[in-house]
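Reader: I am new to this structure and would like to know what lies behind the terms used for it. Please take them one at a time.

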Amino acid sequence: MSQPVRTPTDLTSAVAGGVGESPQRPDGNLKVRGEFAYSSDLWHEDMIWGATLRSPHPHARITGVDLTEALKVPGVHAVLTHADVPGANACGVEQRDQPVLAVDVVRYQGEPVALVGADHPETARRAMERIVVDYEVLEPVVDAEAAARGECAPLHASGNVVRHVPVRRGDQSATAEVVVTGRYEVGMQDQAFLGPESGLAVPAEDGGVDLYVATQWLHVDQDQVASALGLPLEKVRLALSGVGGAFGGREDLSMQVHACMLALHTRKPVKMVYNREESFYGHVHRHPAVLHYEHGADRDGKLVYVRAKIYLDGGAYASSTAAVVANAATLGIGPYDVDNVTVDCWGVYTNNPPCGAMRGFGAVQAGFAYESQMDRLAGVLGLDPVEVRLRNAVREGSTMPTGQVIDSAAPVAELLELVRDRPLPAATGGELDLRQMPGGVSNTTHGEGVVRGVGYAVGIKNICFSEGHDDYSTARVRLEVVGGEAAALVQTAACEVGQGLVTVVQQIVRTELGVQRVSVLPMDTSIGNAGSSSASRQTYVTGGAVKSACAAVRARVLELYSRQTGTGPAEVGRLGAELRGGKLVSSHDVLADLADVLGGDAVDETAEWRHRPTEPIDPETGQGNAHVQFGFAAHRAVVDVDVELGLVKVVALDCAQDVGRALNPQAVLGQIQGGSAQGLGLAVMEEIRTKDGKVRNPSFTDYLIPTVLDVPPMGVDVLERADPHAPYGLRGVGEPPTISSTPAIVAAIRAATGLPLTRVPVRPEHITGT
Amino acid sequence: MDFLRPTTLAEALAAKAERPDLVPIAGGTDVMVELNFDHRRPPGLLDLTGIAELARWSADGDVLRVGAAVPYARIVQDLGDRLPGLAMASRTVGSPQIRNRGTVGGNLGSASPAGDTHPVLIAGDAVVEVASARGARSIPADEFYLGVKRSALEPDELITAVRLAAATGPQQFAKVGTRNAMVIAVCSFAVSLHPERLRVGAAVGSAAPTPRRASAAEEFLSAELTSAGLWESREPLPDSVQRRFGELVAEAASPIDDVRGSAAYRRHALAVLARRSLGWAWREHSGGGNERCA
């Protein structure tokens, strides 16, 4: 196999430090210096460039495709359509309902229709413009609620409802003294990763293909690519290239099959890189949502019932809509103890952009609505917003609306108290510093119209895959003597997407095997499935697999020792032998040097590791132990709002989160800060705006993400309440802070303005009423 | 695509005369985005960064001449005292990297209604110097913009500089964007007080097909200040005057609804920006201290 240059081998260099320490990540300096090789930097001798022709229409019938003129362009090697898909023309991360290339209908603006392979990206683009596609434009379906009610023409044979999840607990006709209702909307957020979709497909001599790509889940890609190419799995080999952010947006395929098709057709390496605009069409987004809620409570603010109808717009194809629906439904009332619950959640097909996985995954949309409702309830009762939450907070032993009992720490009340009790930031004053003002350096206020507000929120997220999914990871650990010193090698297919997994797996090996030298092999499909780098699960599941592989290696080392010394296995067991500091030690003695025990042997073990099983939920009642673990975070937001211009400066965004055990405290902090910032983006600026199914702002000029002047310093309290079911007691970290950040900020804006603000992101005109 | 890199203005003008379809490029902060997004495919680029005289600024008495290729960062650094309005607007352009590359000449060349420096140039009565192989001419800033991304520049002409008088009174620039840095204007406003002429300059950006002078607001305020003797007395401005000024500025706009904001919001925000920035300028005029800052 010929190798492309600029693979991210740097990632695998060793870091020091064990579990609980914060060693410097190997990619940090490279990224800061701009030297890190991303998948868009891949290069291969003789490679050609692929380009994708996409539908300009959200919904249309294809009545003809003429490739004649495109094929005449000098430098063009291939122009391919659906007729050239060698295997099944179907892909999808959960349901294979999306064609690799459109056949006779397009269901969203940007849907791939044809591919060009050419000697230069510009040649490919010019040829693409010469492909003639005749469309009969159809009326787009854009209203998710109408689609859920069955009022729209079906976009797929199965109808327009991807999934409906009801959750029923307790008295379905319960009444209460105090009732608050609300209708809420969540706009379509984008993952806005900086590294566009890109990769390099290299045809192999065995008729297969090697694909170097930035993804979140190598094996689910491999499955779909092999099926579309009509090749056995072993002939489709994937290797992870440098990933420039993911956040859920790389769980679905983008250019994977396309590049491989072109490579197999032309017998040349094919590189594809989306530009920024194409990237907005090239990946799924966060489901926009409409949420109707009714909360009933007694006069003390204790919740009696919650009823909710949640509509999630999945866009043209299923992607992970079904799982997102289950999350929004089962977590739909938040971390609150409520006896009577009626939740219905629908995920539907429309001709809007496809939506799927994004950090928070259904829990974000519900979180904005239920936390807004809690504030409304506090307002009606004249209670403090923290107090009303404390009176209803779940704790260990509480029962979720699904009947599942929370069987590890759930310190929701404590998290709220922690953020509440932090000192408030000083009022903005003194010498004018525009950077501290709403509107920032654009010079819109010197204090005029600025009102401060404070808001609180808490959220809940399931960690790992749910609903009976066979959720596992695979890890290989090899221990041998290198240069007179015991050294370990660790291999997984778990994608490093910038979250720091390669650092954490080294820390685990170092701790488990008591060696300093640990290296990590590049991530690829030559080892078994690791599952996705999503659902806050990788440290839990792949970390668990690495720990498990280390245990197998340790057992083998003890066997070696037993054999070498004639100490019986029972005696070795009685000594409580462990590997520490390159030595085999008992509780009070050094038994042997690890290098001596290993000698010339290599101990090489591969482990497949599963967390405890979950159950499917009952399709009628939503009951079942569907989730492995719950994560909780709380936020207090302090904002300054220019009430005349509707501009917002988030002054402080403090967070408290229980992480079970912080394997790498600095990485934990980074996740909390990053998740909070992404929630801030949804609160005040981030939205893909569509009109009649068309995206109006596919660029970073008009899809705004927070800058350093938008994200305030954050005070973070990290609790470590070990979960006895999880490796090291850890609790997934990445998603919970994204959930509570948004509603806390909006609550603060409401406090400053007195406005109801039922939609995120809050735009200036929502505040000014113009 | 051809790439020409002349080292003198004469060479550049000759090239442009021969091939008017060449697209001039300096910082590239607009042109390269258009090329990368495949929105534009010019037959050739005329790189102006090799022409030293375009990247210089000079002072002729009270008049400053800023070469078309002087980047925003240099304006902020070198001219903040004499051209405070232009420096404030330059400060709001993009990120530090963009300010190191982008130029006022490019802002004019693109003639986007959202260009940050336009309102300042109009309020400060700037003159745009353009040249061709046929000769040079000067175009008053408020006659330069003809429509959305259309200007008075002829196909064979290049922008060589802007000329504007050093500030004789306070200047302010403010823009609304939906993020606290690195943002395109939803709407923007510039005001310049010219006490020596008893005149006020005011202009709006991103709120009409072109940047636009708020003439009625200028006339109103100039008249109010003069008739009440406020230029000399430097007494506080009546609130009613500030409000009326804001209303007239908003009326000067003909904004649209787009993905960045609604027409109604733009009008509303312009009235607020105009009222506030006039207040800051007047406080400075009244000796209340400098209302400019980081």
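Author: This is a predicted model. One place to begin is A:V186, which stands opposite A:V760 in β31(A).

Reader: How do you know that β8 and β31 of chain A pair?

Author: Two strands pair if at least two bridges are found between them. Two bridges join β8 (residues 178-186) of chain A to β31(A), so the pair meets that cut-off. The two strands run parallel.

Reader: What makes β7 and β31 of chain A edge strands?

Author: The sheet is open, with six strands in the order β7-β16-β15-β14-β8-β31 (chain A). β7 (161-169) and β31 (759-760) of chain A each have a single partner strand, so one side of each has no neighbour in the sheet.

Reader: Why is A:D27 called buried?

Author: Buried means under 20% relative accessible area. A:D27 has 1% relative accessibility, so A:D27 counts as buried.

Reader: What makes the approach of A:D27 to A:R25 a polar contact?

Author: The cut-off for such a pair of N or O atoms is 3.5 Å. The side chains of A:D27 and A:R25 make their polar contact at 3.0 Å, which is within that cut-off.

Reader: How do you know that β6 and β7 of chain B pair?

Author: At least two bridges are needed, and β6 (residues 127-132) of chain B and β7(B) have six, so they count as paired. Their sense is antiparallel. Within this pairing, B:E129 stands opposite B:S138 in β7(B).

How values were computed: Residues numbered from 1 in each chain as written. Chains lettered and ligands numbered in written order. Predicted model: local features only at pLDDT ≥ 70, side-chain atom pairs only at ≥ 80, totals over all residues. Heavy atoms only, no water. Helix = DSSP H or I, 4+ residues; strand = E, 2+ residues; numbered from the N terminus. Buried < 20%, exposed > 50% of the residue type's maximum accessible area, 1.4 Å probe, protein only. Polar contact = N/O pair within 3.5 Å; in protein donor to acceptor, adjacent residues only side chain to side chain.
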